[in-house]
Amino acid sequence: MEGFGVHTSMWTMNWDRAGADKAIAGAVHYKMDFIEIALLNAPAVDAKHTRDLLEKNKLRAVCSLGLPEHAWASVRPDAAIEHLKVAIEKTAEMNAEALSGVIFGGIGERTGLPPTQGEYDNIAKVLDAAAKHARKYSIQLGVEAVNRYENHLINSAQQAVDMVERVGAENVFVHLDTYHMNIEEKGAANGILISRDHLKYIHLSESDRGTPGYGNIPWDAIYAALAAIGFKGGLAMESFINMPPEVAYGLAVWRPVARDMEEVMDKGLPFLRNKAEQYGLI
């Protein structure tokens, strides 16, 4: 998981054959090192088709997801384990390198109360089982800290580190996101410093999830912190342009965050790449 990538939501959130064709062609056009595939419905994915496209275009991939309500790890650990096993196997079939995201819960999962020890115990049980299954396929698992409005369980870098260290598996890492860090961390760069021993993947997302460089994210602080820890993981631009209603609801995206894909890719991507080059990250 090295280099510069992009979340496939730039082109589609429906990973069928047509969606894969469109997103992979777009990523190749913009000379990305890898793509992040949203596995909203893993069993329906034509893994061979995606794998063949990736190999043909010499493009690497990472997969991501949030758990559906029937498989929320905090309350239905056995269902979560089974859901993640299917996603892990599909990730491996596509020859992707990792499965990351909100693998511990749902996007929009909130009880209205602080997390309980029982919820964390269930999550640890799920991630332990998932890590063992993923190891069979040489797949890494990422725990993404997301903001308090999307999930009540793991919001900060420290909480992600705590869970990763509790599970204690070599193939489980911390995944951060600048959008969430801007809400939750006491200084966005502090999240990077806190998770330095476990951080392998970061979403580069603007404060409004729109075009990077046109919001309030302190990009110089972010990149300087990544350089300071010698970050060698994946840098993935994320902007939500194509949102189905059920995903937009969980993410609380109620209006367009950018004019279109071209605005984000033609303005935001060069901005992020130039910053990464400036700080010696690519």
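**Stop 1: the aromatic pairs**

This structure holds four aromatic pairs. The model is a predicted one. Start the tour with two of these rings.

Select W219 and F271. Their ring centres lie 6.3 Å apart and their planes meet at 75°, so this pair is edge-to-face. Now look at where the two residues sit. W219 belongs to helix α8 (residues 219-228) and F271 to helix α10 (residues 261-278), so the pair ties together parts 52 residues apart in sequence.

Which of the two is buried? W219 is, with a relative accessible area of 5%. F271 is partly exposed, at 25%. The cut-off for buried is under 20%.

Next, select Y223 and Y279. Here the ring centres are 6.2 Å apart and the planes are at 15°, so the pair is stacked. Stacked planes are under 30 degrees apart. Y223 is in helix α8, while Y279 is in the segment after α10, so this pair ties together parts that are 56 residues apart in sequence. Y223 is buried, with 0% relative accessibility. Y279 is partly exposed, with 24%.

Now show W219, Y223, F271 and Y279 together. These residues form one aromatic cluster. Turn the view and compare the two pairs. A pair of aromatic rings is described by two things: the distance of the centres and the angle of the planes.

**Stop 2: along helix α10**

Stay on helix α10 and select M261, which is found there. M261 is buried, at 16% relative accessibility. What does M261 touch, leaving aside its neighbours within four places in sequence? Its contacts are M10, W11, Y30 and I241. Show those side chains too.

Now draw a distance from M261 to E93. The C-alpha atoms are 29 Å apart in space, and the residues are 168 apart in sequence.

**Stop 3: strand β3**

Move to strand β3 (residues 60-66) and pick A61, which is found in it. Is A61 buried or exposed? A61 is buried, with a relative accessible area of 1%.

Show what surrounds this residue. Not counting residues up to four places away in sequence, A61 touches F34, I35, I37, L54, A96, E97 and A98.

Draw another distance, this time from A61 to N95. Along the chain they are 34 residues apart, yet their C-alpha atoms are separated by 7.5 Å.

**Stop 4: two loops**

Keep N95 selected. N95 lies in the loop between α3 (77-93) and β4 (98-102). Check its backbone angle. Phi of N95 is near 65°, a positive value in a residue other than glycine. N95 is partly exposed, at 44% relative accessibility.

Go on to S138. Where is S138? S138 is in the loop between α4 (117-136) and β5 (140-144). S138 also has a positive phi, about 60°, although it is not a glycine. S138 counts as exposed, with 63% relative accessibility. The cut-off for exposed is over 50%.

**Stop 5: helix α2**

Select H49 in helix α2 (residues 47-56). H49 is buried, with a relative accessible area of 13%.

**Last stop: the whole protein**

Clear the selection and zoom out. Colour by secondary structure. How many helices and strands does the protein have? The count is ten helices and eight strands. The radius of gyration is 17 Å, close to the 19 Å that the globule rule gives for 282 residues, so the protein is as compact as a globular protein of that length. Along its principal axes, the C-alpha trace spans about 45 × 45 × 35 Å.

Buried residues make up 57% of the 282 residues.

Think back to the contacts you have shown. Among contacts between residues at least 6 apart in sequence, 80% join residues at least 24 apart.

Finish by colouring the charges. The protein has 28 positive and 37 negative side chains. The centres of these two sets lie 3 Å apart.

How values were computed. Residues numbered from 1 in each chain as written. Predicted model: local features only at pLDDT ≥ 70, side-chain atom pairs only at ≥ 80, totals over all residues. Heavy atoms only, no water. Helix = DSSP H or I, 4+ residues; strand = E, 2+ residues; numbered from the N terminus. Rg over C-alpha atoms; globule rule 2.2 N^0.38 Å. Buried < 20%, exposed > 50% of the residue type's maximum accessible area, 1.4 Å probe, protein only. Contact = heavy atoms within 4.5 Å. Lys, Arg positive; Asp, Glu negative; His and termini not counted. Charge placed at Lys NZ, Arg CZ, Asp CG, Glu CD. Phe/Tyr/Trp six-rings, centres within 6.5 Å; stacked < 30°, edge-to-face > 60°.
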